[in-house]
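Student: I am new to this structure. Please take me through a close look at one part of it, and then show me what lies around the rest of the chain.

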Amino acid sequence: MNSENFSISEKIVSPAYIRQGSQARRSHEQLIRLLLEQGKCPEEGWSESTIELFLNELAVMDSNNFLGNCGVGEREGRVASSLVARRHYRLIHGIGRSGDIAAIQPKATGSSLLNKLTNSVVLDILKLSGVRSVASCFVVPMATGMSLTLCFLTLRHKRPKGRYIIWPRIDQKSCFKAMITAGFEPVVVENILEGDELRTDMEAVERKVQELGAENILCIHSTTSCFAPRVPDRLEKLAILSAKYDIPHVVNNAYGVNPMLMECRIDAFVQSLDKNFMVPVGGAIIAGFNESFIQEISRMYPGRASASPSLDVLITLLTLGASGYRKLLAEQKEMYTYLAQELKRLAEAHGERLLHTPHNPISLAMSLDGLQTQSGKSVTQLGSMLFTRQVSGAR
């Protein structure tokens, strides 16, 4: 209620009680005001009541929720199921307009504000996570693979002769299909074994650049998120190589908001929302150190877009707050150390060993030599046994 309604309420209920209720309301509004003023993730997480109040305030600003609204167009926020409407907090219009996912939608002031705030809060979290010089980002309602495709298609306009994408090998279908779908030819560069680690073969990458010709290469497509014994690509060296030959550099950063990223020749880096922020699958963050290029990518997205990924990540970050997110990052490091200790103990108990992969901060691997000598199917059987015991994610 506004101040006028609170004043009227004092004629119905004791003014002392009404003032107490008004003060409680103002405490919620103060948090919302700070978010609007600063555009940053609050230090302490919000209560569900504050978040729901905020979302309801945004929703009533959209035309589909105007009292007496008479929408006669093809997109007026019509929803047949009230359950669906509640699931989306009645924010039905989506984000953007036909020409730009970042554009303001006149019929959806609340949803447009939601979109701008989400991108601002996510940018703040990227900086908090260690990528301090990141200049711009936006949430896109597509998972990592299609988001990478969008980056490649944007580069096509800047490099019309670009036909090839140089790609240090990573055995993951999504990022491979992202290049194929965009209409480019992946040039796979095999990694080299250094100790137990599979690492970027920088000499082979440069040979490919010289062989194909820099003008014929759309970009170098590197990876930071991978499963041991593969370790993240040598980003700094790849960035130096990209700068040397003036070739764009796109990073698949799907599994980790990664402090390894730095302001060198990295044109865009893409990370998954579900893996980094524990929200449903369906969104990603495209970010970079050059604001104008990131804006180019956002303008490449055709048509309006679902607001659901933006809504999910904003709710999550407002719930956690910056302190809660930092706590999760710290817990992740602690659990990684604990997992490494216990996995090493397990491996040694069975005559195996934990591979030494210090350059991979998110994944561990152990040998399975004993199983390999028993039967060709033994390794597969182990995977099946783990899955039936509700251990998922092992490879």
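Tutor: Start at the surface. I12, V13 and Y17 form a nonpolar patch there, with about 360 Å² of accessible area together. Keep in mind that this is a predicted model. Y17 sits in helix α2. Its relative accessible area is 59%, so Y17 counts as exposed.

Stay with helix α2 and move along to R25. R25 forms a salt bridge with E57, and their closest N and O atoms are 2.8 Å apart. Helix α2 covers residues 15-38 and holds R25, while E57 lies in helix α3, residues 48-59, so the pair ties together parts that are 32 residues apart in sequence. Salt bridges that share partners join R25, E29 and E57 into one network.

The idea behind such pairs is simple. Side chains of opposite charge can pair when their charged atoms come close. In this model the count comes to 19 salt bridges. Two more of them deserve a look.

Take E76 and K107. They form a salt bridge, with the closest N and O atoms 3.4 Å apart. E76 is in the loop between α3 and α4, and K107 is in the loop between α4 and α5. The two are 31 residues apart, and the pair links distant parts of the chain. Their surroundings can be read from the accessibility. E76 counts as buried, at 12% relative accessibility. K107 is partly exposed, with a relative accessible area of 27%.

Now take E296 and K158. This salt bridge has its closest N and O atoms 3.6 Å apart. E296 belongs to helix α11, residues 291-300, and K158 to helix α6, residues 144-158. Here the linked parts of the chain are 138 residues apart. E296 is partly exposed, at a relative accessible area of 27%. K158 also counts as partly exposed, at 47%.

Next, the part to study closely. In an unreviewed UniProt entry, the annotation "binding site" covers R97, S98, Q105 and R304. These residues span 208 residues in sequence, yet no two of their C-alpha atoms are more than 9.6 Å apart, so they gather at one spot.

Look at S98 within that group. S98 is found in the loop between α4 and α5. It is exposed, with a relative accessible area of 65%. Which residues does S98 touch, leaving aside its neighbours within four places in sequence? They are P302, G303 and R304.

Q105 lies in the loop between α4 and α5. Is Q105 buried or exposed? Q105 is buried, with a relative accessible area of 7%. Set aside its neighbours within four places in sequence, and Q105 is in contact with G96, R97, S112 and R304.

R389 lies in the segment after α14, a helix of residues 378-388. At 56% relative accessibility, R389 counts as exposed.

How values were computed:
Residues numbered from 1 in each chain as written. Predicted model: local features only at pLDDT ≥ 70, side-chain atom pairs only at ≥ 80, totals over all residues. Heavy atoms only, no water. Salt bridge = Lys/Arg side-chain N within 4 Å of Asp/Glu carboxyl O. Helix = DSSP H or I, 4+ residues; strand = E, 2+ residues; numbered from the N terminus. Buried < 20%, exposed > 50% of the residue type's maximum accessible area, 1.4 Å probe, protein only. Patch = residues over 30% accessible without salt bridge, like charges linked within 9 Å, V, L, I, M, F, W, Y side chains within 5 Å. Areas by Shrake-Rupley, 256 points an atom, 1.4 Å probe, with all protein chains shown as cover. UniProt positions renumbered as here; feature names shortened; annotations may be inferred. Contact = heavy atoms within 4.5 Å.
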